[in-house]
Amino acid sequence: MHKLLFTILITTAVITPVFADGFDAIKPADPLNLKPQSVNTIALPIKKATLTHNSLHNQYVIAFDRFVQSNVKSAYNDFKILIETMDENDYAYMKMAENMADIGFFDLSELASSKIEDRALSDFLTGDIKLYYYPSKKIQKDDEIYLGEVFSNIIYNDQSREATSELVKNTSLLASSDYANYVASLGYLKSNDFINANTYIDTAIKMNPQNLNYKKLKAEILSQGKKPKDAIKMVDYIKSQKLYSADFARKVNSLEQYVLYKSEKNYSEKMYHLGFYYYYENELAKSMRTLQSALTTKKKHNKKVYAVLSRVYYNMQEFEKAQDTAMKAHKADSGNSMVLLVLGDLSYRTGDYKTALKYYRDAESKDKTSSVFSLKVAQTYEKLGKEKKAYELYEKILKTYSDCWTAYYKIALKDKSKEIVYLKKAIALNMNFKEAWIDLGRVEIERGNYFDARKYLGVAHYIDENDFRYYYYQGLIAKNQGMKQDAKSYFKKSLMLNPDYAPAKEELNI
């Protein structure tokens, strides 16, 4: 699977005493969370970057490498050229809009957003980006670049004290820009100067009380002070603000576990929350090792550790370990909804749908805060051949959980009158939802719109280059355009990835 433009940067070793050392241990406020890579930064001729062959990603990495090295003006220009010249693709523009806001290039975020053609795909995301990141006033380009240099030196170049000291001398910029105060606070936090960090973030929040990223940093500061419970209250406030897109919901869950980790004094409890944090960051190997270090001789404590650990093992496809760990957790706490979910998933993947349904319904009765349990119940009814009941449940889910992209997707597959609208709604809530991109491609093939179909399928391929359906639908396009050999190659590739895929077999007369 390709790495997306978003990958995770966590720079510390797991289960060592360094976790008590402050901000350097974990950097949840890192802007892009993309690992700096050793890349050739020789100037390249301008050409259209595309998702195909990952050329967009490669050019992006070159620009970001310059940002990491504090060559921020060049990075800004490279990002701008990339946005202006890359092959038109709403998914790529959406990614760029979020990533540019992440590193404080708000003008470039706006530029990327302005190029999005289909607002039905992007409205939720662009709204979340503005609520989460945007300053109260437009920042001049020169100031954005200057603050980007300060930011880069604070986060990547171990110059937080020097960079912050220089920034706070610029009183006119601090007086006019809430974002400048945020960067100053970040610098002081990185230097473990919590008093000044708190002062400057309070100023930023006063100037722009809607910005959730400022409140996130405030929670991180509070978690390391004398009143960590105040940090939890700040997280609760952030959770109460409606963020629609999946990635932003994940950010909040990740922050909550980070704050709990920083606030907790007991080592095992700290490691439990740290392991949970890594889980939300999709750092599964680190999560596993950290959770293992959280296990103690106290069974009462271990049951919740086993619950998360079973989920981690399942996501790592270590199913025997997931089963063993989940059963340990279930024996200690039969009402834990996460454990019930894992046990249901284990039964579901082996085709034991009746047992899976039992676990899912039990989990649903225990936890009404998430759509995931009701969704699993509906999906299992569908597998049991009770489609009418399943789709009634999908409709019911959306009345309670309007952010459940899978429910929109499932209804789209059933109801042709809602097909396109609901497929796009699913993507708007989770732009990395591959299945919806593939089915949008299918719909456009059925309409004979092969150009649009290729665009949608290209996104799905970028997310997962090994999805057999991508090659099948590319085969259909080639077949419909008279390219018989190309079509045959695509169908064969589809079958290589899934030898049991009947539609590809039919096309090859197998």
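In helix H6, Leu147, Val150, Phe151, Ile154 and Ile155 meet Tyr179, Ala180, Tyr182, Val183, Leu186, Gly187 and Lys190 of helix H9, where contact denotes heavy atoms within 4.5 Å. By class, this contact comprises ten nonpolar, one polar and one charged residues; Ala, Val, Leu, Ile, Met, Phe, Trp, Tyr, Cys and Pro count as nonpolar, Asp, Glu, Lys and Arg as charged, and the others, Gly among them, as polar. The model is predicted, with local features requiring pLDDT of at least 70 and side-chain atom pairs pLDDT 80 or more, whereas totals for chains, interfaces and linings use all residues. Residues are numbered from 1 along each chain as its sequence is written, and side-chain values use heavy atoms, leaving out hydrogens and water.

The axes of H6 (residues 141-155) and H9 (residues 178-190) come within 10 Å and cross at roughly 15 degrees. H6 is therefore roughly parallel to H9, a term applied to angles under 35 degrees. Axes are lines fitted to C-alpha atoms over the stretch in contact, with angles running from 0 to 180 degrees between N-to-C directions. Helices are DSSP runs (H or I, at least four residues) numbered from the N terminus.

Aspartate 439, in helix H24 (residues 434-447), is buried, with a relative accessible area of 8% (buried, under 20%; exposed, over 50%; partly exposed, in between; 1.4 Å probe, protein chains only). Beyond residues up to four places away in sequence, aspartate 439 touches Tyr409, Leu413 and Leu423. Glutamine 292, in helix H15 (residues 284-294), is partly exposed at 36% relative accessible area.

Note on methods:
Helices (H or I, at least four residues) and strands (E, at least two) are DSSP runs, numbered from the N terminus. Angles under 35 degrees count as roughly parallel, over 145 as roughly antiparallel, 65 to 115 as roughly perpendicular and the rest as oblique.
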